[in-house]
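These are notes for a colleague who is opening this structure for the first time. Please keep the sequence and the model in view while reading.

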Amino acid sequence: MNETDSYYVLGLDVGGTKMRAAIADMHGDLLAEARMRTVKYQGQPNYGEIFTHLRNDLLKRSYADGTSLRAVGVSVAGIVDPTTGFIVMAPNTSVEEDFDLRAIIESELHLDVLIDNDVNLAAIGEHWKGVAQGCKNFIFVAIGTGVGAGIFVDGQLYHGAHNAAGRFGHLYVQGSEADQSDGLGALERHASGTAIAEAVRERLRHRGISSQQSELAKLDPTRLTSEDVWAAAAQGDQLALGVLNEVFDTLALGIANAAMLLDPELIVLGGGVSSAGDALLTPLRDRLTTLLMHPITPRIELSQLGSSAQLYGAVYCALRHVKRET
């Protein structure tokens, strides 16, 4: 037995609303998972203590030897410099810019830390164990609270000059939309999970739609979610279908622009909105057939790993580091 076979790694996913963690063996099998609500970083609470709690919980439930932990991969929503570990911008998880998350975790866990943007790591996860296995050129599009992308070019993740490649939600698809006061990008203002719910609320406020015209009018607008809209659309609700058709149009434009620029083999749809399945996939395929020209005709598929994609990506980075160092 190889000495490294007895080692373990951690994967941490720091999302906008929740943190997920997993412990994995050197084959990449997840032995145990844990989660907790994300607390926005403001210098306090001590993120190191939070990660220590998650680590201890995972060790207890996996029966792994804590002395055999070798590295941790970390996924963060925002712009991350993977070489320094600095979080350049992560509005969902921090009120600060340029804070050193790598140093915080290293000082607490005493492990090597590999850190990157969550959508980049989701793309790595899909390339490793998901639908993008064997693809050298593909784009992972995450559609959730916001919209982002992870880009593989010639078999390698592409970070860009400022580690900001894949800001898919900021593509201009409906004019310049220079006003960024809400913090959203131009595309994601019209085509994210957040945008879906807000579009329905706007129509209910200003168009006098009654419960006889739409089941969505019966719901508390302050609690309305994109899941409610998808459910209503599945029942033939015209308000929901109208909003989603506009979302499909916007997403298709963004994906078509990215495909024309990068000529990928594959487009992978991930993020929370991708749980709609064929209700999302089919209309996007139909629109892209019209928008894209031969031979630029990438396959369009749903993520196989779902909400675990970024966790697998984090684990992969930790495993690769350990194998390289031993």
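The points below take up a helix, a central strand, an open sheet and a pocket.

1. Basis. This is a predicted model, in which local features need pLDDT of at least 70 and side-chain atom pairs count only at pLDDT 80 or more, while totals for chains, interfaces and linings use all residues. Residues are numbered from 1 along each chain as its sequence is written, and side-chain values use heavy atoms, with hydrogens and water left out. Helices (H or I, at least four residues) and strands (E, at least two) are DSSP runs, numbered from the N terminus.

2. Helix H1. H1 covers residues 47–62, 16 residues in all, and spans 22 Å from first C-alpha to last, close to the 22 Å expected at 1.5 Å a residue; the expected span is 1.5 Å times one less than the number of residues. Among its buried residues are Tyr47, Phe51, Leu54, Leu58 and Ser62. Buried means under 20% relative accessible area, exposed over 50%, and partly exposed in between (1.4 Å probe, protein chains only). The buried residues of H1 pack against strands S1 (8–14), S2 (18–25), S3 (30–37) and S4 (69–76) and helix H2 (101–109), where contact means heavy atoms within 4.5 Å. After H1 comes Tyr63, with a positive phi near 60 degrees.

3. Strand S12. Five of the five residues of S12 (266–270) are buried. Leu266, Val268 and Gly270 lie on one side, and Ile267 and Leu269 on the other. S12 runs parallel to S9 (138–143), joined by five bridges, and Val141 has Leu269 as its bridge partner. S12 is also parallel to S13 (299–302), through four bridges; here Val268 stands opposite Glu301. Two strands pair if DSSP finds at least two bridges between them.

4. Open sheet. Three strands in the order S5-S6-S7 form an open sheet with antiparallel pairing. S5 (79–80) and S7 (99–100) are the edges, each with a single partner strand, so one side of each has no neighbour in the sheet. Two bridges link S5 to S6 (86–89), and Val80 is partnered by Ile87.

5. Second largest pocket. A pocket is an open set of points on a 1 Å grid over the protein atoms alone, where a 1.4 Å probe fits, with protein on both sides within 12 Å along at least five of seven lines; lining residues have an atom within 4 Å of a point. The second largest pocket holds about 410 Å³. Of its 20 lining residues, Ile124, Leu157, His159, Cys317 and Arg320 lie nearest the centre. H9 gives the largest share of the lining, five residues.

Technical notes
Grid points are joined across faces, edges and corners, and a volume is the space filled by probe spheres set on the points.
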